[in-house]
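Biologist: I would like to learn how to read strands, sheets and cores in a model. Could we go through one together?

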Amino acid sequence: MAATASKTPFSSSSSSSSSSYSNNTFPKLILRSTLALSPNLTRAHPLAISCSLPKPAPAAAAEAAAPAAEPFLSRFPAGEPRKGADILVEALERQGVTTVFAYPGGASMEIHQALTRSGTIRNVLPRHEQGGVFAAEGYARSSGVPGVCIATSGPGATNLVSGLADALMDSVPVVAITGQVPRRMIGTDAFQETPIVEVTRSITKHNYLVLDVDDIPRVVNEAFFVATSGRPGPVLIDIPKDVQQQLAVPNWAQPVNLPGYNHRLPKPPTPAQLEHVVRLITEAQRPVLYVGGGSLNSSPELRRFVDLTGIPVASTLMGLGAFPLSHPLSLQMLGMHGTVYANYAVDNSDLLLAFGVRFDDRVTGKLEAFASRAKIVHIDIDSAEIGKNKPAHVSICADLKVALEGINTILEDKGVKGKIDLGAWREELHVQKQKFPLGYKSFEDAISPQYAIEVLDELTNGDAIVSTGVGQHQMWAAQFYKYKRPRQWLTSGGLGAMGFGLPAAMGAAVANPAAVVVDIDGDGSFIMNVQELATIRVENLPVKILLLNNQHLGMVVQWEDRFYKSNRAHTYLGDPAKESEIFPNMLKFADACGIPAARVTKKEELRAAIQRMLDTPGPYLLDVIVPHQEHVLPMIPSNGSFKDVITEGDGRTRY
């Protein structure tokens, strides 16, 4: 097969249509023995029927493959053969790619050589491939544009695994390109050979092994189309080194022809479905919106919907910013560490409007107790999420933006604005807000981590792009920074990958050069990708690092306090021989990379220190020493329900 592909969204007919070889010659799942011994792999251009043959393309595919308004000007004369690596780079240019995060190696050298010949693509060189893929995610999450990362074969490719899994779980469009050993060596346990297509099969939306240089334009087109259409996600393209070195004249007119995939893309909702939703809204007395990451592209429509109906809004961790958290109708975040009033609203609602969500366990807790009194309307772009965890009374598989546009039109036509009386319900929730506000206790002159985030929110006017690692600092950043808009909040939600914050901020700073970008991080997460300080310095990216340093794996410590009688099981990250000292000294990491840094230990010094960080041009690290005894509250224990919510206590309490 000229370009083998794997992943369930594609039908067998679409993935095999590029080849006339029988499955006996090139099986869909490449076997080590058959591939290594196949003589056809030595041909420069295998005799294969290509997808470039004229075939009617679906409307969506044709639109995706349509040329830009201005003709693309290639640096190569028409008809001039060029290397596969140059074809790849030009294919990226034709997709509008201006930045890649690429780390070179033996199997990807040709691609890097081709990148040096590009006049439009900038390579931001990460210091670790995981940093590169997380940076590509930060770029994509903050801009909505696919992020691109490149790595070599073997360990370079496997270093992308966490980022690909993260992008899949959080629906982030990423295109990852890996070099591979030459075709004749695949399956021979060659140096730095790893079957990365097989390794990543279940953590990518789709992936390709390119075995014919002529397939590169089509594969790149398809990869970007798949990554960005339907529910976004990561796509991997694996290209053997000899394919990168082959000379060919590219055919840029090859259409995206994925009939199986296009058939699975959601259709517009029917008027009857939307009318049913509107009827349930007008009949409800205690409705609540439960909005997730699938609502980020529908923020204007969501705001209009709330304006028309007056329904309160609870956001998931991934949905923060889709609706402004300072709005009177915002209940902020729901779930394990959500506000009491958000979880109260869901528990007592009679209609739950679940928009762009997947009923994640960290939101629902005990499934049978979640929204047990409510009728549930579930709208999501991914049919696999409909009914997967929680059955709904009304299920609509559709693009939420399109669905909300239709619902808003019906509501406007009916003139419902101001006529849905939810005053008593909103007052009931207001009482809960007053009774259970987000708060924290003081530690004398020590700095409460929540206070540090509140000061940052105030000094940035809530306008910064914020990334985080994973742990307590992540939850406090979700609770105490008041996000105003989508793509302002970057965090590893589903996978919970420590080390995400710094490289994600790096990618966000590249995509948004005029924005204030702050990595709110913990010492445990920060050190996992601390090498990216070098990239930030060399590229002079103005990433500000607010490091909440408690010398512990804080969230694990919190669980040890609550459920293991405070028995410490390898959660102290300092030097046991010198517990009175801060270890490691994060300021020296910054100094080694030429980045200004400071440490603050007292509450009265914090505001000036944060202001100095924000005022300093370029990158800056502020090491904020915080007590490890603090807990993230509220907390609903795993598999618990609203009645189990914990609102008091910290590490100074015995359990």
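Modeller: This model is predicted. Begin with β20, helix α26 (residues 603–615) and β21, which make a right-handed β-α-β unit.

Biologist: In which sense do β20 and β21 run, and how many bridges join them?

Modeller: They run parallel, and 4 bridges join β20 to β21 (residues 620–625).

Biologist: Which residues of β20 are on its covered face, and which on the uncovered one?

Modeller: Start with the general idea: in a regular strand the side chains alternate between the two faces of the sheet. In β20 (residues 597–600), A598 and V600 make up the covered face, while A597 and R599 make up the uncovered one.

Biologist: What is the order of the strands in the open sheet of 6 strands?

Modeller: The order is β12-β11-β10-β13-β14-β15, with parallel pairing. At the edges are β12 (330–333) and β15 (394–397), each of which pairs on one side only. Between β14 (residues 375–380) and β15 there are 4 bridges, and H378 stands opposite S395 in β15. Helix α13 (residues 271–283) lies across β13 (351–355), β14 and β15, at about 140 degrees to β15.

Biologist: Which residues have the most contacts inside the largest nonpolar core?

Modeller: F526 and I545 do, in a core of 51 residues. Helix α21 (residues 501–511) gives the most to this core, 7 residues.

Biologist: Why does this core lie between domain 1 and domain 3?

Modeller: Because both domain 1 (82–263) and domain 3 (449–632) give residues to this core. A second, separate core has 38 residues, including W476 and V626.

Terms used:
Residues numbered from 1 in each chain as written. Predicted model: local features only at pLDDT ≥ 70, side-chain atom pairs only at ≥ 80, totals over all residues. Heavy atoms only, no water. Core = buried A, V, L, I, M, F, W, Y, C linked by side-chain atoms within 4.5 Å. Buried < 20%, exposed > 50% of the residue type's maximum accessible area, 1.4 Å probe, protein only. Helix = DSSP H or I, 4+ residues; strand = E, 2+ residues; numbered from the N terminus. Domains from an automatic or database assignment. Pairing = 2+ DSSP bridges. Right-handed = clockwise from strand over helix to strand, strands pointing away. Contact = heavy atoms within 4.5 Å. Axes fitted to C-alpha atoms, helices over the stretch in contact; angles between N-to-C directions.
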